[in-house]
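Subject: Model handover

Hello,

Here is the structure I said I would pass on. Please open it first, then read my notes below.

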Amino acid sequence: MQFHHHGYVSSDPRVEDAAGTGIDRPEDLPEHVDVLIVGSGPAGMIAAAQLAKYPNVTTRIVERRPGRLKLGQADGIQARSVETFQAFGFAGRITDEAYRITEMAFWSPDPANPDHIARASVALDDGTGEISEFPHLIVNQARVLDYFAEFARNAPARIEPDYGLEFAGLEIDRSAEYPVTVTLRPVSGEREGEQRTVHAKYVVGCDGAHSKVREAIGRQHVGKVANHAWGVMDVLATTDFPDIRTKCAIQSASGGSILHIPREGGHLFRMYVDLGEVSADDNRQVRQTTLETTVAKANRILHPYTLEVKDCAWYTVYEVGHRVTDKFDDVDPGDEEQVAPRVFIAGDACHTHSAKAGQGMNVSMQDGWNIAWKLGQVLSGQAPPELLATYSEERQEVAQNLIDFDREWSSLMAKPAEDFEDPKELADFYVKTAEFPAGFMTEYRPSLVTGDTRHQSLATGFPVGKRFKSAPVMRVCDGNDVHLGHHATADGRWRIYAFADAGAERLNDWAEWMLNAAASPVARFTPDGADLDSLFDIKVIYQQPHGEVEFGPSIPALFQPRVGPFQLTDYEKVYAIDPERDIFEARGIDRGGAVIVVRPDHYVSQVLPFEAVDELAAFFEANTRRPG
């Protein structure tokens, strides 16, 4: 973490100075805003946190609840989400309080006594760390929202939710300066029942599966219910089941299945208990199933082990449904070139599915981050409005892939044990597909912010369109062994990594072009008087070991920018390999060198040779503007 470059800091460095709209932020919701976020769930709170880094953008977030969420239903945190938490500065803190999944046990009918269950196998959860250096966690959704709220509150724009306001409707007049007129209704206090109006340039609906924003823009939630019900309980209990503190998939011979998930704190756990098929004329009667009935069903599945529930923190019954909204913005298909989007939806407003793959909160956060940095760039003058059309294009495909995966996984979980040809089928599917639920199979297609793969051979381990997969390097200035990607915070900047041989003429010529050429994105788009790295965070990684690279005049000035009012040198742009974990080898980087361009949300946009400066210039010419 870097600070002091604007003067000595003795207090918490995570609390940034207020700036722009964060100075004297009005307590009451203003009549005109740049962005109005509806809903303070995972998608809404990460969007608010990202937009809080854009202090010249007026952002407000409204929530129907009277205050913070106290009991969240989602709890599975995949490794990609923990990567994201690192960018927002709280991965370490939330990991410390979470339950960490390191393995999953699979239980099935005992071949010697099918009325009993027996442990069939245990699968490691990314045991080698190959998928990610970050763990798979279980933690209450409310705590995730708390951390994002803290980030938003401490960022320059000082964003905090406006609680107790219900979305009632919206109208769009694309000719107006603030095209979206939103009607809100206070749900408590002296003004309960009154209506008030807010005019916004953009609206982001993060208001859940029954989204009123989605309804207001005429979007359809397409899909169906699978006619299978599950009882879900967060409980404290005594039991002789030996794997009560291990994630388990439990299949019995005749009683159904359980997905068992230990929770944070060492004692609480969640069970998804199979309540069986639901008839077409049930009319939701299955949702009246009592906790006692579900506990009794769990005991039948667990036989010969027993479970005695002492306290229940949360309980519900749900029927599995798989739905994807037909589009994630207010522009009708085919009109994208003529009409600019003004209203977006994210999270459960876009996709609903079973909870058993632990995907809902995770995918929702990536929705919110995707639209937020794009809105921040456009509204701050750093990008053209056309950038916003890429949101629905990118995230709808991700949502459909999620639904397809979850349909297969939830079907396997509900499948009777006797129907499996191979008792290892469920465990094999879990291991084989591990990269998808971890959040790393997203691959964006070419667009305004994602290039093509013509130079992919220069860095095979950084696939264009997929997330930048970090690896250890040595920081030259101090010899610290660090993960290269962990320096990519959620500050809205593009990352450009130059991998090269120390002293290579190709690298030096490229660095000189980036610093001084009129077509260079640095020279073209960095505002007058701004720090050299205000829009582009550019780093060099030499293929020599740390001891063979010296910080000094031989390193191009591009990688030694002067920052802040005192124009202090930033020493954290120059890296060398860790000889025991060579990033060039680990990520398939050509020893002749390569340039990797990474979006503000961690996805690789370009892999280029140093000579491809025209391609680099054209790429940023299309998606970047010089802020006014």
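Two strands pair if DSSP finds at least two bridges between them. Helices (H or I, at least four residues) and strands (E, at least two) are DSSP runs, numbered from the N terminus. By that rule, S13 and strand S14 (residues 257–262) pair in the antiparallel sense, over 4 bridges.

Some ground rules. This is a predicted model: local features need pLDDT of at least 70, side-chain atom pairs count only at pLDDT 80 or more, and totals for chains, interfaces and linings use all residues. Residues are numbered from 1 along each chain as its sequence is written, and side-chain values use heavy atoms, with hydrogens and water left out.

The S13 region

S13 and S14 form a hairpin, with 5 residues between them. Gly256 sits in the turn and has a positive phi of about 105°. Gln251 has Ser257 of S14 as its bridge partner.

On its other pairing, S13 meets strand S5 (residues 103–110) in the parallel sense, again over 4 bridges. Trp107 stands opposite Ile250 of S13.

How enclosed is strand S13 (residues 247–251)? Buried means under 20% relative accessible area, exposed over 50%, partly exposed in between (1.4 Å probe, protein chains only). 5 of the 5 residues of S13 are buried, so the strand is largely enclosed by the rest of the structure. Both faces are covered. Lys247, Ala249 and Gln251 are buried on one side; Cys248 and Ile250 are buried on the other.

Ser257 belongs to S14. Its relative accessibility is 2%, so Ser257 counts as buried. Contact means heavy atoms within 4.5 Å. Leaving aside neighbours within four places in sequence, Ser257 is in contact with residues including Trp230, Ile250, Gln251, Tyr272, Asp274, Met413 and Lys415.

The seven-strand sheet

7 strands form an open sheet with mixed pairing, in the order S20-S19-S25-S22-S21-S26-S27. Its edge strands are S20 (481–483) and S27 (604–608), each pairing on one side only. Neighbouring strands of this sheet are turned by 30° against each other on average, direction ignored. Axes are lines fitted to C-alpha atoms, for helices over the stretch in contact, and angles run from 0 to 180 degrees between N-to-C directions.

Within the sheet, strand S22 (residues 536–545) and strand S25 (residues 574–577) pair in the parallel sense over 4 bridges. Ile541 has Tyr575 of S25 as its bridge partner. Helix H10 (residues 505–516) lies across S21 (494–500), S22 and S26 (594–598). H10 runs at about 155° to S21.

The annotated span

UniProt, in an unreviewed entry, lists residues 442–624 as "domain: Phenol hydroxylase-like C-terminal dimerisation". UniProt positions are given in the numbering used here, feature names are shortened, and annotations may be inferred rather than shown by experiment. The span is 17% helix and 23% strand, and its end C-alpha atoms lie 24 Å apart.

The whole chain

The chain has 13 helices and 27 strands. Its radius of gyration (over C-alpha atoms) is 26 Å, close to the 25 Å that the globule rule gives for 628 residues, so the chain is as compact as a globular protein of that length. That rule is 2.2 Å times the number of residues to the power 0.38. Buried residues make up 57% of the 628. Among contacts between residues at least 6 apart in sequence, 73% join residues at least 24 apart.

Best regards
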